[in-house]
Amino acid sequence: MIAAFVLTAVFVLPQKSVDAVSTYRTGTLVIDAGHGGVDGGAVSAAGNKESDINLSIALKMASLCDFLGINHALTRESDIPTSTENYSEHDNLVARAEMANSIENAVLISIHQNKFPSDKVRGAEVMYSNSEQSKALGLAAQSNLVSAVDPENRRVARPAPSELLLTATAKCPAILAECGFMSNAEEAQLLSTDAYQIKIAAALVSAYIIYLDDQSVT
């Protein structure tokens, strides 16, 4: 599997981290592909939808978890169209958070893409919910996304704003990863490729493994 190769070739994990995966088999990584259905999220100048890119990265993360034997759950596995008449973004986000809250020992990683009026802005940025565990996961994810995906990125992980409903509602450790900017043509093109998505997926799963390792010794 390509993603597994990327994980082992790019991310040098201590043996203790590998052992942590076995120790925490009772835990579950909840992978949330942001948006979906009638809610396509941000759209690039080339017409690529954020919701499609989010789902593609999420499915790659799930495949990598399968390979490594990591328990996981997806908040959505497809992009089924929904009616605008019945759709509520608020209710959708609450339902995703409630799914994570219903799973014992869950850790939530939500995948999104960013957009900005200026087409010059780029770079992944991770936001973490209000807990030390979330912060630890967020710092690991940001570090991986910078070191192995985009070394020129100078962004840092930061607390999620209180109005960010998913991270505010989740009771488990939770982060939201804005993996790049759809408004930057070069980055949007990269985000639409399998190779770049695999690197992002490996970075986020690796961060989860590092997080498990850190928690096992604290």
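Strand 3 (106–114) is mostly covered, with 9 of its 9 residues buried. Strands, of at least two residues (E), and helices, of at least four (H or I), are DSSP runs numbered from the N terminus. Buried means under 20% relative accessible area, exposed means over 50%, and partly exposed lies in between, with a 1.4 Å probe and protein chains only. The model is predicted: local features need pLDDT of at least 70, side-chain atom pairs count only at pLDDT 80 or more, and totals for chains, interfaces and linings use all residues. Residues are numbered from 1 along each chain as its sequence is written, and side-chain values use heavy atoms, with hydrogens and water left out.

**The sheet**

In a regular strand the side chains alternate between the two faces of the sheet. From strand 3, Ala106, Leu108, Ser110, His112 and Asn114 point one way, while Val107, Ile109, Ile111 and Gln113 point the other way. Both sets are buried.

Strands of a sheet pair through backbone hydrogen bonds, either parallel or antiparallel. Two strands are counted as a pair if DSSP finds at least two bridges between them. Here 6 strands form an open sheet in the order 2-1-3-6-4-5, with mixed pairing. Strand 2 (72–74) and strand 5 (158–159) stand at the edges, each with a single partner strand, so one side of each is left without a neighbour in the sheet.

Strand 3 runs parallel to strand 1, to which 6 bridges join it. Ile109 of strand 3 has Ile31 opposite it. Strand 3 also runs parallel to strand 6 (residues 174–181), again through 6 bridges. Across that pairing, His112 stands opposite Glu178, and Asn114 has Phe181 as its bridge partner.

Strand 4 (residues 125–128) runs antiparallel to strand 6, with 4 bridges between them. Met127 has Leu176 of strand 6 as its bridge partner. With strand 5, strand 4 forms 2 bridges in a parallel arrangement, and Tyr128 stands opposite Pro159 there. Glu125 and Met127 point one way from strand 4, Val126 and Tyr128 point the other way, and all are buried.

**The largest pocket**

The largest pocket has a volume of about 250 Å³. Of the 18 residues that line this pocket, the closest to its centre are Glu89, Leu93, His112, Leu164 and Leu176. Helix 4, helix 6 (165–169) and strand 6 are the elements that give two or more residues to the lining. The largest share, 4 residues, comes from helix 4. By class, the lining of the largest pocket has 8 nonpolar, 4 polar and 6 charged residues.

A pocket is found on a 1 Å grid over the protein atoms alone, as an open set of points where a 1.4 Å probe fits, with protein on both sides within 12 Å along at least five of seven lines; lining residues have an atom within 4 Å of a point. Grid points are joined across faces, edges and corners, and the volume is the space filled by probe spheres set on the points. Ala, Val, Leu, Ile, Met, Phe, Trp, Tyr, Cys and Pro count as nonpolar, Asp, Glu, Lys and Arg as charged, and the others, Gly among them, as polar.

**Individual residues**

His35 is found in the loop between strand 1 (28–33) and helix 3 (50–68). Asn105 lies in the loop between helix 4 (89–101) and strand 3.

Ala140 has its place in helix 5 (residues 132–149). Ala140 and Leu204 are 64 residues apart in sequence and 8.5 Å apart in space, C-alpha to C-alpha. Leaving aside its neighbours within four places in sequence, Ala140 is in contact with Ala207 and Ile210, where contact means heavy atoms within 4.5 Å.

The structure holds 0 disulfides, a disulfide being a pair of cysteine sulfur atoms within 2.5 Å.

| Residue | Relative accessible area | Class |
|---|---|---|
| His35 | 18% | buried |
| Asn105 | 45% | partly exposed |
| Ala140 | 10% | buried |
| Cys172 | 10% | buried |
| Cys179 | 3% | buried |
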